[in-house]
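The notes follow the order in which I looked things up.

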Amino acid sequence: MQPSPDLHTHSTASDGTLSPSELVARAQAAGVRVLALTDHDTTDGLAEAQEAAAQRGVIFIPGVELSVTWGEMTIHVLGLRIDPANPELQLGLGRLLAFRAWRAEEIGRRLAQQGIQGAYEGARALAQGRLVGRTHFARFLVRLGRAPDVQAVFRQFLTRGKPGHVPGEWASLEEAVGWVRAAGGDAVIAHPGRYALTARQFARLFGEFRELGGRGIEVVSGSHDRDTLLRMAQQSRLYGFFASVGSDYHGPERPYLELGQLPHLPAGCRPIWQDWPELQGLSPGRATHSLP
Ligand code: AMP
Ligand code: MN
Ligand code: MN
Ligand code: MN
């Protein structure tokens with residue numbers, strides 16, 4: 001059995017469109033044997049996903065994707081194999097969720113100034129009582145006919161310099177890594193290829209992250225092309241990071257990679273799951289991906 005890990009996915013607990021149990025069912029159907037749910041700044045979906053995974057024989061890894069302010073940038077740090085009951089982690093998440101709640105209202109006010117009424121209520125309705133992210137606003141504006149697709153809404157309204165953009169402070173890198181470690185997890189830099197950083201800035205980010213106790217970076221990601229994947233494989237070896245693999249799946253609607261379609265880790269990468277007891281039953285030759 002090929003374990004085919006996917007260690008970065010979203011559910012309706014944040015900005016995914018499948019419920020945690022629907023996500024697990026779809027992952028299993030796609031041949032994913034090891035699945036992490038990593039919703040933005042919340043662990044609310046983990047219990048349901050864990051239960052669904054147990055029923056379906058999928059190895060479940062509890063995770064979270066933390067929003068981090070690093071310098072002027074927002075970056076994302078995954079916590080993998082976390083204990084969601086950890087009070088330090090939950091205190092940190094509480095702060096991020098409070099900022100999210102305020103930010104959502106503020107995005108609504110700013111869009112209203114642009115003549116777009118009811119966006120906050122619309123985004124909230126799409127979030128169905130869970131946290132409200134920019135993706136919910138984007139989906140609502142697409143429904144309003146303000147833009148052809150979610151990406152276009154981000155470009156026109158929600159990114160820096162655009163009318164619906166709200167600046168603010170997420171967790172520091174130190175806090176995020178600290179919360180993940182307090183919860184017994186492995187901290188991993190998500191989709192590094194998406195950050196617009198110079199080589200020097202990448203060196204600073206990776207250096208600081210390693211210093212703080214960060215363990216890995218995503219090498220294989222739904223948002224990495226082949227070149228980026230190979231570049232990040234090289235970076236992981238250079239810094240002695242473990243390599244992670246995740247689709248960043250948000251649901252079937254979006255133009256993202258479907259579950260079960262990730263390329264293999266290149267040779268020479270140490271998989272982040274190398275020492276995870278859950279995966280020790282699997283023979284190392286199989287838990288480790290082969291050459292691309
Ligand atoms: P938030 O954490 O609420 O600020 O929203 C970040 C999320 O928005 C990311 O995890 C993506 O799911 C989505 N996102 C960010 N940028 C884009 C983009 N340019 N196009 C589509 N989705 C995006
Ligand atoms: Mn997202
Ligand atoms: Mn992300
Ligand atoms: Mn993500």
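**Metal sites and ligand shell**

I began with a distance between metals: the manganese ion (ligand 4) and the manganese ion (ligand 2) are separated by 4.7 Å. I note at the outset that the model is predicted.

I then asked which residues are the protein donors of the manganese ion (ligand 4). I found His-8 through NE2, His-10 through NE2, Glu-65 through OE and Asp-248 through OD, lying 2.1 to 2.2 Å from the ion. Written along the sequence, the spacing of these donor residues reads H-x1-H-x54-E-x182-D. I traced two of them to their elements: His-8 lies in the loop between strand E1 (5-6) and helix H1 (20-29), and Asp-248 in the loop between strand E7 (242-246) and helix H10 (284-287), so the pair ties together parts that are 240 residues apart in sequence.

I turned next to the manganese ion (ligand 3), which is coordinated by Glu-65 (OE), His-76 (ND1) and His-191 (NE2) at 2.1 to 2.2 Å. Its donors follow the spacing E-x10-H-x114-H along the chain. I located Glu-65 in strand E3 (residues 59-70) and His-191 in the loop between strand E5 (186-189) and helix H8 (199-212); this pair links distant parts of the chain, 126 residues apart. From the manganese ion (ligand 3) to the manganese ion (ligand 2) I recorded 5.7 Å.

I then moved to ligand 1, which sits in the largest pocket. How many residues surround ligand 1? I noted 12, the closest being His-40, Arg-100, Arg-103, Arg-134 and His-250. By class, the shell divides into two nonpolar, five polar and five charged residues.

I checked which helices supply at least two residues each to this shell, and listed H3 (87-113), H5 (134-144) and H6 (150-158). Helix H6 gives the most, with three residues.

I looked up individual polar contacts to oxygen atoms of ligand 1. For Arg-103, an N or O atom of the side chain is 2.6 Å from a ligand oxygen. For Arg-100, a polar side-chain atom lies 2.8 Å from a ligand oxygen. For Thr-135, the distance from a side-chain N or O atom to a ligand oxygen is 3.2 Å. Finally, I recorded that ligand 1 taken alone exposes 500 Å², of which the protein buries 85%.

Technical notes: Residues are numbered from 1 along each chain as its sequence is written. Chains are lettered from A and ligands numbered from 1 in the order in which they are written. This is a predicted model: local features need pLDDT of at least 70, side-chain atom pairs count only at pLDDT 80 or more; totals for chains, interfaces and linings use all residues. Side-chain values use heavy atoms; hydrogens and water are left out. A residue is near a molecule or strand if one of its heavy atoms lies within 4 Å of it. A polar contact is a pair of N or O atoms within 3.5 Å; within protein, one must be able to donate a hydrogen and the other to accept it, and residues adjacent in sequence count only if both atoms are side-chain atoms. Accessible areas come from the Shrake-Rupley method with a 1.4 Å probe; for residues, only the protein chains shown count as cover. On a 1 Å grid over the protein atoms alone, a cavity is a set of points where a 1.4 Å probe fits but cannot get out, and a pocket is an open set with protein on both sides within 12 Å along at least five of seven lines; lining residues have an atom within 4 Å of a point. A molecule sits in a cavity or pocket if more than half of its atoms lie within 2 Å of its grid points. Helices (H or I, at least four residues) and strands (E, at least two) are DSSP runs, numbered from the N terminus. Ala, Val, Leu, Ile, Met, Phe, Trp, Tyr, Cys and Pro count as nonpolar, Asp, Glu, Lys and Arg as charged, and the others, Gly among them, as polar. Donors are N, O and S atoms within 2.8 Å of the metal (3.2 Å for Na, K and Ca); water is not among the atoms, so sites may look incomplete.
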